Amino acid sequence: MAFLLERPHALTPPATMELVSMLTSIAGVLEQRVPAVTALLKVQFSGLLYSYDPILCHVVLMLYSRFSDAFSGEDERGIARRLALVARETHHPLIFRLLALHWLLGLPRLADGKASLAPLTPNFYPTVFDPLALKAKKLDVLSCIAASLDVSRGEGKEEEEEKEGRKAQVVKLFEDGLVCVSAFKWLPPRSTETLVAFRTLHNFLIGVAPHRNGSSENSEIGVLMDSTIFHTIQSMLVSLALEHHGLVPMIATFLDRLLACKAHRQVGEWLLQTLDEHLLPKLESGYQLVSYFPIFERIAESDTIPPHGLLELLARHMVTLSEKHGPDTWLRSWSQGSKVLGICRMMLKHHHGSRVFLALSHLLTFTCQFFPDLEVRDNARIYLRMLLCIPGKKLRHIMNLVEQPSGVSPSPHPGSLFQVPSPRHAQDLKKSVGVSSYIHLERVIPLLVKQSWSLTLPNLSNGDSKSSYVEGIKDISAPPSTEMEGEGEVDIERIILPKEPLRVMDSKVAEILGVLRRHFACIPDYRHMPAIKIRIPCRLRFDSDPFTRVWGAASFALDSEEVDGLPALYATTITFSSTSKYGSIPPCRVPFLLGEPSRTGFDIVPVDDSCEGEDSSFRASVMIELEPREPVPGLIDVAIKANAENGQVISGSLQNITVGIEDMFLKAVIPPDIAEDRVPEYYMDLFHALWEACGNSANTGRETFPLSGGKGAVAINGTRSVKLLEVPAYSLIRAIERYLAPFVVSVIGNPLVNVVKDNGVIRDVVWGEDSENFADSNVGALVPYSDNVPLQLPYTEGESDADSPPQVNKRNMGIFLVLIFLPPWFHLLFQMEARFTSAAWQDFVLSAKDAHCRIWLLITMQRTI
Amino acid sequence: MSSCSIRALWILNPQDAVVFSRRFPVVERRWRLACEKEKESSAVEDYRYSAQPLLPTDVELASAFAERKKRQGSARGFGIRFSQSVQGSDSWVDDPITRHIITLYVNGEEGDEFMLWPLVLHTKGSYYILVLPFVGPQQFKAYVRLFTRSDCGNSVGEECSLSSLLLNLPCITGAFMVAHTVGDMVAGDVQDPEVVVSSSPSVGGLLDSLTGSIGIPSISARAKPVAAPVAASTTSGASAAGNVVIDTPKSTSRPIDKEALRTFISSSMPFGTPLDLNISNISAIKTNGFSSADLPPSDLKQPAWKPYLYKGKQRILFTIHEFINAALYDRDEIPDAISISGQLNCKAELEGLPDVSLPLTGLKSAHVEILSFHHCAQVSEHGEDKQALMFSPPLGNFVLMRYQALSNLDPPVKGFYQLSMVSEDEGAFLFRLRLMEGYKAPFSMEFCTVTMPFPRRRVASIDGNPSTGTVSTTEVSVEWKIITSGRGITGKSIEATFSGTVRFLPRTSQRVPSRSMSVSASVVEEDSDVEQDSSGNIVNIEEYLTEKMNKDLQAVDLEEPLCWQAYSYAKVSFKIFGGSLSGMSIDPKTVSIYPAVKAPVEFSMQASSGDYILWNTLGRCPFAALATVH
């Protein structure tokens with residue numbers, strides 16, 4: 001050992017390394033006792049630093065890093081200088097030049113910040129012929145020097161000047177350094193020069209606030225923001241993007257890298273803000289703008305940047321695209337339009353709805369109205385629809401689905417989110433069966449009488465659901481309906497053929513005919529034009545819990561907020577079909593529906609009206625539109641198709657919707673030339689004309705009345721029946737006010753008028769004061785029943801009273817005249833006579849429950865065909 | 001601190017098959033023990049990223065290497081983090097050195113996957129040489145941390161950076177030396193430094209000395225290169241034209257002499273520890289052995305690197321050989337950049353173990369900036385202008401000293417080159433050059449050739465006659481021989497002009513598949529919108545053509561200094577005898593030998609061109625900022 005120590009030069013370089021590594025372990029032990037040993041080693045071996053053999057250089061470095069105390073400041077500077085020079089020696093293979101720079105950067109004193117490389121700066125300037133790897137590494141060193149200059153802060157006024165000087169130095173280092181790869185500005189963005197340049201930007205930038213071990217939070221981030229280099233790079237990025245739009249993707253990547261880093265995310269966002277503030281206003285809309293889209297995407301993604309600026313620019317861009325559109329640019333319009341929508345989509349994904357709502361809805365509205373490309377318009381419409389219908393968090397969630405597919409194959413491009421998913425999901429029969437048990441489509445206004453049957457499908461099992469809602473009137477509905485059964489389809493053609501020549505008519509008949517003609521001319525003929533529609537408002541809702549059990553939870557069900565945990569239905573389509581003759585029923589669409597949270601003890605059956613306004617997200621109102629061919633109650637089959645949150649297609653049939661006769665009740669059409677204040681009189685006239693036409697079919701029976709559209713005509717054929725109801729008058733009035741108020745044409749008879757007027761529900765009708773006269777003249781006319789129709793009087797006890805109504809005229813309270821139009825061209829006329837059976841009117845008012853109050857109710861129903 | 005030990009070494013051919021491998025069980029055992037110790041002390045972690053006491057089989061290694069090559073686009077990889085980099089890959093570390101120190105994921109045949117680091121990758125000829133040095137599991141883990149870091153990476157000066165790791169891993173440095181030595185053996189270009197004397201052009205190295213003195217002629221046949229056809233020519237024309245770095249792979253290869261390699265490895269690194277990497281010495285010992293005549297004299301301490309002592313006529317030869325790199329711009333705003341790297345080669349045919357002292361003076365006037373010495377040399381004083389050198393010369397030719405300097409004289413070829421595209425397929429060019437201006441005898445220029453490379457065009461024809469010399473064309477270049485060998489000029493300067501027109505075949509839109517960055521190239525979206533517009537905006541035809549040409553430029557390797565194909569330039573090559581451009585010189589009279597013997601000292605100088613580029617004055621040119629001393 002002594003021999004070798006004496007003549008270290010006698011060994012080959014690798015052997016020297018072996019020797020020194022052994023010596024360091026020995027010296028490490030001896031150091032405590034004999035401190036001089038390290039100095040001895042230093043003296044013996046430090047000369048090797050000047051060898052061109054990298055191994056020998058490293059030998060000295062081994063000693064230095066192990067026993068750095070033995071090396072004085074002068075020695076350290078010597079080592080640093082030597083390493084800087086080794087990196088410049090062109091005869092070395094590249095790897096050793098790179099290693100030399102690494103060794104230099106790895107020197108422990110340097111890492112501590114105790115030593116500075118600043119005096120050696122000129123050595124690290126890359127030269128033209130340095131390989132790019134070496135340039136990159138030299139730039140690293142320069143960034144290191146710049147960072148140390150940038151952060152060393154001076155205090156006191158005299159240091160201000162020095163500070164300024166250092167700032168200039170930092171900028172100079174940065175700019176000088178980049179010169180050697182300045183070709184990145186015009187070379188293709190994928191060039192190595194570009195990579196090196198942006199790597200350098202990154203290193204210069206974060207050199208001021210490097211990652212600290214293990215901690216994701218960076219306390220020095222504020223220092224970075226104040227640093228010279230940050231400001232330099234800020235302005236540089238803006239001008240780079242402006243002047244070399246080819247570099248935009250690289251700038252975007254550069255930002256991505258910062259944004260992905262926990263410690264430097266903030267920096268990335270600051271830079272994005274800079275771009276948003278300084279780049280966006282300078283950009284002009286035009287086809288060139290598309291190259292900036294990568295930056296726009298980042299801006300759209302960042303929720304710290306207010307999106308107005310970008311959205312305004314994009315809106316301008318869409319306008320420009322639409323204006324510039326010509327025959328040879330439609331492919332371009334499509335491509336750029338789609339890209340703009342892509343950014344809009346990103347906005348939907350990352351921003352709160354309220355923030356983007358106004359500007360984005362303007363942009364989308366414009367696009368879906370005026371953009372030349374159809375697909376773009378369509379997509380814009382879809383986005384707009386989603387923006388309007390789906391609440392923010394759910395919207396952001398489904399927008400993210402494409403990126404995180406759960407059970408659905410990922411869509412190749414964003415647009416396909418709205419395309420029909422692959423059929424294998426659609427045919428999940430097992431799941432579809434029980435859909436009706438948790439998805440409910442219900443009538444907003446329940447039927448007075450639950451329909452227990454259907455005319456054409458006799459055996460539907462709703463029989464047990466008997467309504468007990470209004471007991472008194474429960475028997476009314478069935479009998480007239482059975483009447484209609486036989487009438488079925490009347491051959492109109494047959495009717496319109498006049499069988500007999502017109503007869504002479506008196507003026508009264510002529511007047512009646514005039515009213516009737518006028519009336520029927522307003523009724524559309526459904527065979528030639530859109531028929532009169534009846535609307536049944538319904539509500540769609542579904543229960544969260546069973547739904548989630550069947551279709552799986554949304555992926556973020558764990559979210560603490562209640563709304564987020566609830567499942568939702570998207571793009572629901574409800575289709576209807578019926579065996580009854582209701583024409584074609586248009587399907588209804590519900591873009592978004594949230595599941596109802598399950599509440600303990602919540603009863604589904606009662607219709608809770610207060611719920612309606614509570615949160616419309618839980619309940620969607622659906623309007624079923626029917627064009628009945630004949631006014632018959634029936635059932636509508638309901639089928640549903642919807643998307644669950646995870647992309648599964650839900651399909652199945654729901655509970656039937658029952659259509660009652662009261663759904664058909666419409667007011668008669670008012671001809672356009674009737675003034676508003678004349679309407680009650682018109683209805684009155686119409687009522688009388690129809691009544692007359694039915695009653696005296698001799699006069700009008702052969703008459704035909706052309707319908708609107710001019711091709712068809714109808715004849716009047718009335719059917720009359722009389723009913724006696726034993727209910728308290730109070731119930732009758734209540735029931736009429738509640739259910740038939742819009743159809744009441746006239747109220748006659750003082751006692752009745754007084755009651756009804758007091759209640760104030762029925763308005764704008766003709767009030768007939770003279771009850772006595774009316775009763776005398778009309779009631780009698782009602783007594784002779786139409787001979788071809790069997791009179792139905794369901795009450796056996798009424799049989800005995802059948803002849804009593806004429807006798808108890810004096811107890812007549814009054815008459816309601818009711819005119820109901822039943823599409824397509826039927827009418828229902830009621831003349832309801834309320835009579836006292838008790839002498840005291842007061843009794844009726846005060847003791848409504850009194851069973852002794854008996855009222856005769858007379859129903860006359862007429863039908864025109 | 002551990003020294004350098006090698007766990008294993010592999011040589012792969014261009015088809016990614018292992019053609020040679022060597023494992024060192026002794027080192028592997030140490031590694032296994034270290035792993036077990038580490039496992040005991042640390043908690044369970046990701047198996048994939050933990051140090052495993054495993055070594056791949058040749059097949060496993062080959063497939064892992066091929067896999068990495070596929071993933072990273074080339075054998076070396078990307079080196080720089082870019083948009084497609086993923087966590088847990090070398091480019092994630094974002095340091096160009098990861099193109100040389102690589103990681104492999106080995107999928108073991110028994111289904112175990114583990115990571116291998118650091119694999120030192122060296123390419124020579126068309127072979128890949130992978131050397132796996134022994135590093136401690138701690139350091140392995142430190143790298144894994146860098147390798148899988150989740151942040152934006154690579155800030156210089158942080159703790160536990162790659163730099164400090166490399167500083168503490170001399171084994172990597174050693175492994176590189178091993179890899180380079182093995183590479184030289186594989187490629188068969190074991191070159192001795194050239195030593196020129198006036199009597200004969202070149203003097204052979206150690207082997208000649210040995211064969212001359214000992215008389216075994218068979219050894220000299222060893223290094224004869226055998227030409228073998230190889231498909232994988234990876235260098236582009238431009239890179240071949242523009243590089244003096246020895247690192248570039250050559251396109252010729254020859255079958256490996258495995259036996260020689262095995263012998264070399266077992267003697268140069270017994271038990272995996274490299275002890276002597278001098279090929280000449282090892283093979284000489286192997287061939288000759290030691291005879292009684294070679295017994296070292298007892299009074300002298302014979303160095304390990306000098307196994308034999310010279311016997312015969314004594315003399316000492318010195319040659320200064322300089323390479324000049326120049327970027328000539330002929331522009332006011334950009335100064336020309338000229339640098340010289342030189343070396344002092346020596347051949348000392350001296351008996352015994354004498355010390356030679358050589359004072360170096362006038363370093364300042366020669367603008368010598370960096371000096372590095374052979375390990376046999378000791379520098380007794382480091383003056384700025386004066387250095388005294390004492391060395392005990394090894395046998396044969398060796399590089400005593402290397403230096404970097406600035407040019408003391410004007411560049412030997414001055415002038416400008418202009419090329420202007422008059423149409424898409426036709427360019428007018430003009431050279432106006434002055435050669436050897438200000439160079440007096442004994443400077444003599446042996447030859448001088450100017451080459452205009454057009455790597456992306458096909459030269460159809462050339463019009464115009466030079467004022468002197470001859471012109472020839474190849475498919476991708478035009479070559480102008482101003483001075484041909486044998487008609488060198490001495491002590492005078494000449495002027496040469498050449499103007500004319502070069503015509504190219506029309507461009508076919510062929511796209512050369514890019515080499516290293518193919519992944520990034522294919523991913524970058526070609527936006528037709530942008531392209532259409534940019535073409536409409538440019539009025540100038542020249543700019544338009546440049547833009548058009550630049551669009552399909554391929555990214556260059558990080559080992560290239562610049563994207564050569566993006567520029568138009570002319571490359572000058574020449575050789576000058578009779579002096580050094582830097583002014584570096586030694587005075588033979590001051591050379592003293594101890595113990596004193598009478599030995600003649602001969603000295604010669606020559607300079608040749610490295611990257612000597614005339615940038616097109618009318619086109620774009622690359623440049624670098626010059627450092628100004630603060």
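Modeller: A residue is called buried when its relative accessible area is under 20%, exposed when it is over 50%, and partly exposed in between (1.4 Å probe, protein chains only). By that rule, buried residues account for 53% of the 865 residues in chain A. The model is a predicted one, in which local features need pLDDT of at least 70, side-chain atom pairs count only at pLDDT 80 or more, and totals for chains, interfaces and linings use all residues; side-chain values use heavy atoms, with hydrogens and water left out. Residues are numbered from 1 along each chain as its sequence is written, while chains are lettered from A and ligands numbered from 1 in the order in which they are written.

The setting is as follows. Chain A holds 35 helices and 13 strands (DSSP runs numbered from the N terminus, with helices being H or I of at least four residues and strands E of at least two). Contact means heavy atoms within 4.5 Å. Of the contacts in chain A between residues at least 6 apart in sequence, 72% join residues at least 24 apart.

Side chains of opposite charge can pair when their charged atoms come close. A salt bridge is counted when a side-chain nitrogen of Lys or Arg lies within 4 Å of a carboxyl oxygen of Asp or Glu. Over all chains, the whole structure contains 47 salt bridges.

One of these in chain A pairs the side chains of A:Arg535 and A:Glu625, with 3.0 Å from N to O. This pair links distant parts of the chain, since A:Arg535 belongs to strand E2 (residues 534-542) of chain A and A:Glu625 to strand E5 (residues 620-626) of chain A, 90 residues apart. A:Arg535 counts as partly exposed because its relative accessibility is 48%.

Another pair in chain A is A:Arg678 with A:Glu681, whose closest N and O atoms are 3.9 Å apart. A:Arg678 is partly exposed at 42% relative accessibility, and A:Glu681 is partly exposed at 34%.

In chain B, the side chains of B:Arg315 and B:Glu602 form a salt bridge of 4.0 Å, N to O. B:Arg315 counts as buried at 18% relative accessibility, whereas B:Glu602 is partly exposed with a relative accessible area of 23%.

Some salt bridges share partners: A:Lys137, A:Asp140, A:Arg199, A:Arg257, B:Asp94 and B:Asp95 are joined in this way into one network. Within this group, the side chains of A:Lys137 and B:Asp95 meet in a salt bridge of 2.5 Å, N to O. The count of salt bridges between chain B and chain A is four. On the side of chain B that touches chain A, the residues divide into 56 nonpolar, 30 polar and 24 charged (Ala, Val, Leu, Ile, Met, Phe, Trp, Tyr, Cys and Pro count as nonpolar, Asp, Glu, Lys and Arg as charged, and the others, Gly among them, as polar).

The contact in which these bridges occur draws 110 residues from chain B and 98 residues from chain A. About 9,000 Å² is buried between the two chains, 63% of it on carbon and sulfur atoms; buried area is the accessible area (1.4 Å probe) that two parts lose on being put together, summed over both.

B:Asp94 is buried, because its relative accessible area is 0%. Although B:Asp94 is not a glycine, its phi is positive, at about 60°.

B:Phe323 is partly exposed, with a relative accessible area of 30%. Leaving aside residues up to four places away in sequence, B:Phe323 touches B:Ser339, B:Ile340, B:Ser341, B:Ser608 and B:Ser609. By contrast, the C-alpha atoms of B:Phe323 and B:Arg262, which are 61 residues apart along the chain, are separated by 36 Å.
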